[in-house]
Amino acid sequence: MQRSPPRSPRSPTSTKSISIPKRLSLSTTRVSPDEIHTLDLSRNTTQTQDSSKITKIEGLEKHFNLIRLNLAGNAIKTIENLTHLRQLEILDLSRNSLTNSGVQQIGILQGLKKLSLAGNFMQHVPKCLAQLPLLEVLDLSGNNLSLLRELRVLSSLQNLHELSTLGNKLCALP
C-alpha cells in the first residue's frame, strides 16, 4: 500500500472561507439604524421558516438615512413601507415576484437614481416611473414587457441615460 506524502501546513497567504448567516438580526448590532447607509437584504429568508423567502418589506422604519437598499432575490410582491426613505438613491428589487400593481409606491421615492426591477413579472412599463425625475439607470430586463410604445412613459426622465429591456418580447411599433 502506497502512502501519500504528509500534507504541508497551510501557508499564511491561503484564503479562508467565511460563512455568511442566512438570517440577520439588526437588533443585535451596535450601530444605530439611522447611521446605516447601505443595506443588503438580498436572497434572505424569514426568521420563522428557513426555507421561506422574504415576501414583505417591513422593519425599515428607523433606517431613514438609507442610500442603497438591495432586496434582490426574495419573494416580494408589493412595494410598501418605503415612503420614509427620502434619501434612497439605489434600489434593487430584481428577481422578486413583482407585478405592475405591486410597484406603484416606487413613484414616492423621488431621490432614486438607480432602480432595478429586472426578473419580475411586469407586463407593462410602470407609469409611476415617470415620477422619478433623478432616475439615471433603469433595468427592466427579464420581465413580460411586450409593447415598445409603453417606453414613452419614460420620455419625461431627462436624466435617464441607461435603460435595459433585455429578455422582454418588445414588438416594433405598427
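Author: Among contacts in the protein (heavy atoms within 4.5 Å) between residues at least 6 apart in sequence, 42% join residues at least 24 apart. This is a predicted model, where local features need pLDDT of at least 70, side-chain atom pairs count only at pLDDT 80 or more, and totals for chains, interfaces and linings use all residues. Residues are numbered from 1 along each chain as its sequence is written, and side-chain values use heavy atoms, with hydrogens and water left out.

Reader: How many helices and strands does the protein have?

Author: The protein has 0 helices and 6 strands; helices (H or I, at least four residues) and strands (E, at least two) are DSSP runs, numbered from the N terminus.

Reader: Where does leucine 82 lie?

Author: Leucine 82 sits in the loop between strand E2 (68-70) and strand E3 (90-92).

Reader: Is leucine 82 buried or exposed?

Author: Leucine 82 is buried, as its relative accessible area is 2%; buried means under 20% relative accessible area, exposed over 50%, partly exposed in between (1.4 Å probe, protein chains only).

Reader: Which residues is leucine 82 in contact with?

Author: Beyond its neighbours within four places in sequence, leucine 82 is in contact with Ile57, Leu60, Leu69, Leu91, Gln105 and Leu109.

Reader: To change topic, how much of the protein is buried?

Author: Of its 174 residues, 35% count as buried.
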